[in-house]
Amino acid sequence: KIQDGCDNYCAYCIIPYVRGHVRCKKKETIIKEAKHLIKEGHKEIVLTGIHTGNYHDENYDFADLLKELTKLEGLERLRISSIEVSELNDKVLDVIKNSKILTNHMHIPLQAGSNEILKNMNRKYTREWYLDRIAAIRRIIPDCGISTDVFVGFHNESEEDYRQTLELMREVGFDLAYMFKYSERPGTQASKSLPDNIDETTKGRRLQELIDLQTGWSQESNRRDIGKTFEVLVEGVSKKSSDEMFGRSSQNKVIVFPAKNIPIGSLIQVKVK
């Protein structure tokens with residue numbers, strides 16, 4: 001964990017009220033913790049926080065931290081848990097592109113594809129900005145896996161607003177998406193001034209359409225992997241068969257493969273059939 005707290009105050013979110021303002025660990029502390037984890041035998045480190053991309057220590061920013069961590073001897077993989085699209089600059093993308101251990105996966109919350117709804121949510125970007133950053137990822141890191149969070153049924157979401165979310169999902173073609181229908185949280189700005197005024201039937205229908213769309217995209221993403229060879233970090237024995245093991249690719253996809261007794265933490269090459 002490199003950072004905690006949030007100053008964005010998205011209308012639907014309780015985090016700023018319960019976790020407080022943005023606070024970042026000192027870079028020296030993070031490096032010391034990382035070295036300790038490596039010494040303990042860990043092969044992969046995942047950087048987490050409410051806003052990882054907003055990390056700063058005086059003039060030292062998130063890209064600087066990534067670059068510093070990739071130099072640590074013994075670290076096999078470095079992964080970013082998630083990053084806000086408003087914090088995703090080309091400097092960060094260039095560090096990932098030029099690193100052998102930073103994983104080719106980015107989780108970038110979307111929440112909605114309509115500018116009107118994003119404004120109501122008090123999100124700090126537009127659909128155009130989001131699509132521009134996706135295009136930058138595809139240009140700079142062509143084989144990057146991209147996942148997201150999205151929800152339907154926020155205050156005043158019209159059918160046209162929802163369709164814009166659906167269209168953006170189609171345009172991006174996410175490898176994976178976590179999808180929800182809006183549920184009001186007490187204590188948030190939305191609970192005080194933005195009534196939860198979309199009926200549950202409409203929310204349910206919109207969510208199911210999103211799920212159906214994303215299921216197809218995820219299947220297509222997996223089909224494109226057939227025939228390719230991936231570096232997999234071995235995580236354990238498969239739950240379905242003791243003759244198989246599983247691990248995770250750089251793109252954050254779980255891959256199951258026939259094998260026994262490969263040490264957990266090993267990096268192996270696996271061809272997808």
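This is a short tour of the structure above, stop by stop, with something to select at each one.

Before you start, keep in mind that this is a predicted model, in which local features need pLDDT of at least 70, side-chain atom pairs count only at pLDDT 80 or more, and totals for chains, interfaces and linings use all residues. Residues are numbered from 1 along each chain as its sequence is written, and side-chain values use heavy atoms, with hydrogens and water left out.

**Stop 1: a surface patch**

Select Tyr9, Tyr17 and Val18, which form a nonpolar patch on the surface with about 290 Å² of accessible area together. Patches are built from residues with over 30% relative accessible area and no salt bridge, joining like charges within 9 Å and nonpolar side chains (Val, Leu, Ile, Met, Phe, Trp, Tyr) within 5 Å. The areas come from the Shrake-Rupley method with a 1.4 Å probe, and for residues only the protein chains shown count as cover.

Now colour helix 1 (residues 15-19), where Val18 is found. Helices (H or I, at least four residues) and strands (E, at least two) are DSSP runs, numbered from the N terminus. Val18 is exposed, at a relative accessible area of 57%. On this scale, buried means under 20% relative accessible area, exposed over 50%, and partly exposed in between (1.4 Å probe, protein chains only).

**Stop 2: the largest pocket**

Next, turn to the largest pocket, with a volume of about 550 Å³. Show Tyr12, Cys13, Ile15, Gln111 and Phe151, the closest to its centre of the 23 residues that line it. Helix 1, strand 8 (145-152) and strand 9 (176-181) are the elements that give two or more residues to this lining. Strand 8 supplies the largest share, three residues. Colour the lining of the largest pocket by type and you will find 13 nonpolar, five polar and five charged residues. Here Ala, Val, Leu, Ile, Met, Phe, Trp, Tyr, Cys and Pro count as nonpolar, Asp, Glu, Lys and Arg as charged, and the others, Gly among them, as polar.

A word on the grid: it has 1 Å spacing over the protein atoms alone, and a pocket is an open set of points with protein on both sides within 12 Å along at least five of seven lines, while lining residues have an atom within 4 Å of a point. Points are joined across faces, edges and corners, and a volume is the space filled by probe spheres set on the points.

**Stop 3: the second largest pocket**

The second largest pocket has a volume of about 360 Å³. Pick out Ile255, Val256, Lys271, Val272 and Lys273, the closest to its centre of the 16 lining residues. Strand 12 (254-258) and strand 13 (267-271) are the elements that give two or more residues to this lining, and strand 12 provides the largest share, five residues. By type, the lining of the second largest pocket divides into nine nonpolar, three polar and four charged residues.

**Stop 4: two asparagines in loops**

Stay with these strands and select Asn261, in the loop between strand 12 and strand 13. Asn261 has a positive phi of about 60° although it is not a glycine, and it is exposed, with a relative accessible area of 74%.

Then jump to Asn122, in the loop between helix 5 (115-121) and helix 6 (127-140). Asn122 also has a positive phi, about 65°, without being a glycine, and it is partly exposed at 29% relative accessible area.

**Stop 5: salt bridges**

Side chains of opposite charge can pair when their charged atoms come close. With a salt bridge taken as a side-chain nitrogen of Lys or Arg within 4 Å of a carboxyl oxygen of Asp or Glu, the count comes to 25.

Which parts does the Asp61 and Lys91 pair tie together? Asp61 lies in strand 5 (residues 60-61) and Lys91 in helix 4 (residues 90-97), so the pair ties together parts that are 30 residues apart in sequence. Their closest N and O atoms are 3.0 Å apart. Asp61 is partly exposed at 25%, and Lys91 is partly exposed at 39%.

Move on to Glu200 and Lys181, a salt bridge with its closest N and O atoms 3.3 Å apart. This pair links distant parts of the chain, with Glu200 in helix 9 (residues 200-224) and Lys181 in strand 9, 19 residues apart.

Lys203 forms a salt bridge with Asp196 at 2.8 Å between the closest N and O atoms. Lys203 counts as buried, at 0% relative accessibility, whereas Asp196 is partly exposed at 31%.

How values were computed: On a 1 Å grid over the protein atoms alone, a cavity is a set of points where a 1.4 Å probe fits but cannot get out, and a pocket is an open set with protein on both sides within 12 Å along at least five of seven lines; lining residues have an atom within 4 Å of a point.
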